[in-house]
Amino acid sequence: EYRYRGANPKNYVTFNNEVWRIIGVFKADDGTGKIENRIKLIRNESIGNKYWNTSGTNNWARPASLNTYLNGTYYNGISSEAQSMIGNAKYYLGGYTSTGITASNMYLYERKISGSGTYYHGTNPNSWTGKIALMYVSDYGYAASDACSQTMSYYDECKNENWLYNSNTIRWTLSQFISYGIVFRINSSGRLEKDYGDVSDYLFGVQPVLYLTSSVQITGGSGTSADPYTLGI
């Protein structure tokens with residue numbers, strides 16, 4: 001894996017005629033077992049405040065109403081060129097019992113599938129395959145600089161060293177808490193929180209996340225905000 005970390009890395013990219021950021025390059029499974037190195041993007045700004053799931057369950061794969069919106073109305077509204085660059089990917093849906101966890105440990109729990117210490121609610125699946133989702137809690141945690149070693153419940157101390165920090169909005173993540181109807185969120189102070197209401201109680205910010213197909217390459221730019229990377233197939 002290769003990740004962009006720190007306060008202001010050169011990871012800006014033009015996608016769908018908008019500003020997005022590169023989370024990193026990962027070995028991504030397309031859902032059939034085919035694994036390739038692929039670029040993972042997140043939209044730089046929220047597309048607006050939405051409910052995570054209007055039916056109240058934290059099962060993304062059901063699908064949740066936000067899943068339906070991102071992979072239906074939102075996907076259909078982006079350019080055909082951008083659509084051609086997005087590939088199906090397996091997204092992991094595991095979670096944890098509290099916010100007192102490091103990014104590296106959260107990464108492991110997001111991917112747990114069975115046995116003791118597997119933290120996801122009831123019969124919720126631990127993965128889903130599709131085109132557009134949300135950032136993992138671990139994506140946010142790993143975006144901080146190497147100097148940040150706190151658990152993410154104290155990430156307000158790291159916010160100035162984390163390019164994914166945004167003081168303007170509370171944002172949903174993909175990672176679930178172990179109780180019915182609860183998922184983790186990133187608050188406007190930079191801390192990881194769990195939602196004490198359920199996913200149909202609050203309207204929070206949504207930053208779409210996706211994996212480009214392996215054929216997409218960077219064709220220009222330097223990655224700065226003034227000169228973002230350009231993409232081509």
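**Figure 1. Aromatic pairs in the predicted model.** The count of aromatic pairs comes to 14 in this predicted model. One of them joins Tyr2 and Tyr4, whose rings are edge-to-face, 5.3 Å centre to centre and with 90 degrees between the planes. Tyr2 is partly exposed, at 48% relative accessibility, whereas Tyr4 is buried, at 14%. A further pair is made by Tyr140 and Tyr155, with ring centres 6.0 Å apart. The planes of Tyr140 and Tyr155 stand at 50 degrees, so this pair is tilted. Tyr140 belongs to helix H4, and Tyr155 to the loop between H4 and E10, so the pair ties together parts that are 15 residues apart in sequence. Tyr140 and Tyr155 are both buried.

**Figure 2. An aromatic cluster of tryptophan and tyrosine residues.** Five residues are shown: Trp52, Trp60, Tyr91, Trp128 and Tyr211 form one aromatic cluster. Tyr211 is one of the residues that lie nearest the centre of the largest pocket.

**Figure 3. Lysine side chains over aromatic rings.** Two contacts between a charge and a ring are shown. The charged end of Lys40 sits over the ring of Phe26, at 5.7 Å from the ring centre. For Lys50 and Tyr69, the charged end of the lysine sits over the tyrosine ring, and the distance to the ring centre is 4.3 Å.

**Figure 4. The disulfide between Cys148 and Cys158.** The structure holds one disulfide, formed by Cys148 and Cys158 with their sulfur atoms 1.8 Å apart. The torsion about the S-S bond is about 80 degrees, so the disulfide is right-handed. Cys148 lies in the loop between helix H4 (137-142) and strand E10 (171-177), and Cys158 is likewise placed in the loop between H4 and E10. The pair therefore ties together parts that are ten residues apart in sequence. Cys148 counts as buried, at 10% relative accessibility. Cys158 is buried as well, with a relative accessible area of 4%.

**Figure 5. The largest pocket and its lining.** The volume of the largest pocket is about 220 Å³. Its lining consists of 16 residues, and those nearest the centre are Lys27, Ala28, Tyr92, Arg111 and Tyr211. Strand E3 (18-29), strand E4 (35-43) and strand E6 (89-92) are the elements that each give two or more residues to this lining. E3 gives the most, with four residues. By class, the lining of the largest pocket divides into eight nonpolar and eight charged residues, with no polar ones.

**Figure 6. The largest cavity and its lining.** There is one cavity of 30 Å³ or more, and the volume of the largest cavity is about 30 Å³. Five of the lining residues are nonpolar and four are polar, and none is charged.

Figure 7. Most peptide bonds are trans. The bond from Arg62 to Pro63 is cis, with omega near 10 degrees. Pro63 is located in the loop between strand E5 (49-50) and helix H1 (65-77).

**Figure 8. Positive phi at Asn16 and Asn17.** Most residues other than glycine have a negative phi. Asn16 is not a glycine, yet its phi is positive, at about 55 degrees. Asn17, also a residue other than glycine, has a positive phi near 60 degrees. Asn16 is placed in the loop between strand E2 (12-15) and E3, and Asn17 is found in the loop between E2 and E3. Asn16 counts as buried, at 15% relative accessibility. Asn17 is exposed, because its relative accessible area of 74% is over the cut-off of 50%.

Key
Residues numbered from 1 in each chain as written. Predicted model: local features only at pLDDT ≥ 70, side-chain atom pairs only at ≥ 80, totals over all residues. Heavy atoms only, no water. 1 Å grid on protein atoms, 1.4 Å probe; cavity = no way out; pocket = protein on both sides within 12 Å on 5 of 7 lines; lining within 4 Å. Points joined across faces, edges and corners; volume = space filled by probe spheres on them. Nonpolar A, V, L, I, M, F, W, Y, C, P; charged D, E, K, R; others polar. Disulfide = S-S within 2.5 Å. Buried < 20%, exposed > 50% of the residue type's maximum accessible area, 1.4 Å probe, protein only. Phe/Tyr/Trp six-rings, centres within 6.5 Å; stacked < 30°, edge-to-face > 60°. Lys NZ or Arg CZ within 6 Å of the ring centre and 35° of its normal.
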